[in-house]
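Morning, everyone. Please bring up the sequence and the coordinates. I'll keep this short.

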Amino acid sequence: MVEDLKIGNGPEAKSGKLVGMYYEGKLKSNNKQFDAQKQGKPFRFRLGRGEVIKGWDVGVEGMKVRMLVFL
């Protein structure tokens, strides 16, 4: 399931591009957090290259940038 909670107005994330993101992973059954990257340097990976679980490659592609951070 892919659900956009906040939609950006910037360019779309495309396969092959380097993306950086802050995230919070929670279990749907009880809302318990199991992983997060919410501050410091964003979690970075090249989209569509299998560097992360398939759900991230599929779910992040097409998302619009909400905030640009230059590192």
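Contacts come first. Take the pairs of residues in the protein that touch and sit at least 6 apart in sequence: 49% of these contacts join residues at least 24 apart. Contact here means heavy atoms within 4.5 Å.

A word on the source. This is a predicted model, where local features need pLDDT of at least 70, side-chain atom pairs count only at pLDDT 80 or more, and totals for chains, interfaces and linings use all residues. Residues are numbered from 1 along each chain as its sequence is written, and side-chain values use heavy atoms, with hydrogens and water left out.

Now the fold. We have 1 helix and 4 strands. The order from the N terminus is β-β-β-β-α. The radius of gyration is 12 Å, close to the 11 Å from the globule rule for 71 residues, so the protein is as compact as a globular protein of that length. That radius is taken over C-alpha atoms, and the rule is 2.2 Å times the number of residues to the power 0.38. Helices (H or I, at least four residues) and strands (E, at least two) are DSSP runs, numbered from the N terminus. Along the principal axes, the C-alpha atoms fill a box of roughly 35 × 25 × 20 Å.

Next, burial. Buried residues are 20% of the 71. Buried means under 20% relative accessible area, exposed over 50%, and partly exposed in between, with a 1.4 Å probe and protein chains only.

Which residues form the largest nonpolar core? There are 8: Ala13, Val19, Met21, Tyr23, Phe45, Leu47, Val52 and Val60. Such a core is a set of buried Ala, Val, Leu, Ile, Met, Phe, Trp, Tyr and Cys residues joined through side-chain atoms within 4.5 Å. In soluble globular proteins, nonpolar side chains tend to be buried together.

Stay with Tyr23. Leaving out residues up to four places away in sequence, Tyr23 touches Asp35, Ala36, Gln37, Lys38, Phe43 and Trp56.

On to the loops. Asn31 lies between strand 2 (23–26) and strand 3 (33–37). Asn31 is not a glycine, yet has a positive phi of about 65°.

Gln33 is in strand 3. Is Gln33 buried, partly exposed or exposed? Partly exposed, because its relative accessibility is 38%.

Last, Gly40, in the loop between strand 3 and strand 4 (43–46). Gly40 has 56% relative accessibility, so it counts as exposed. Gly40 and Tyr22 are 18 residues apart in sequence and 9.1 Å apart in space, C-alpha to C-alpha.
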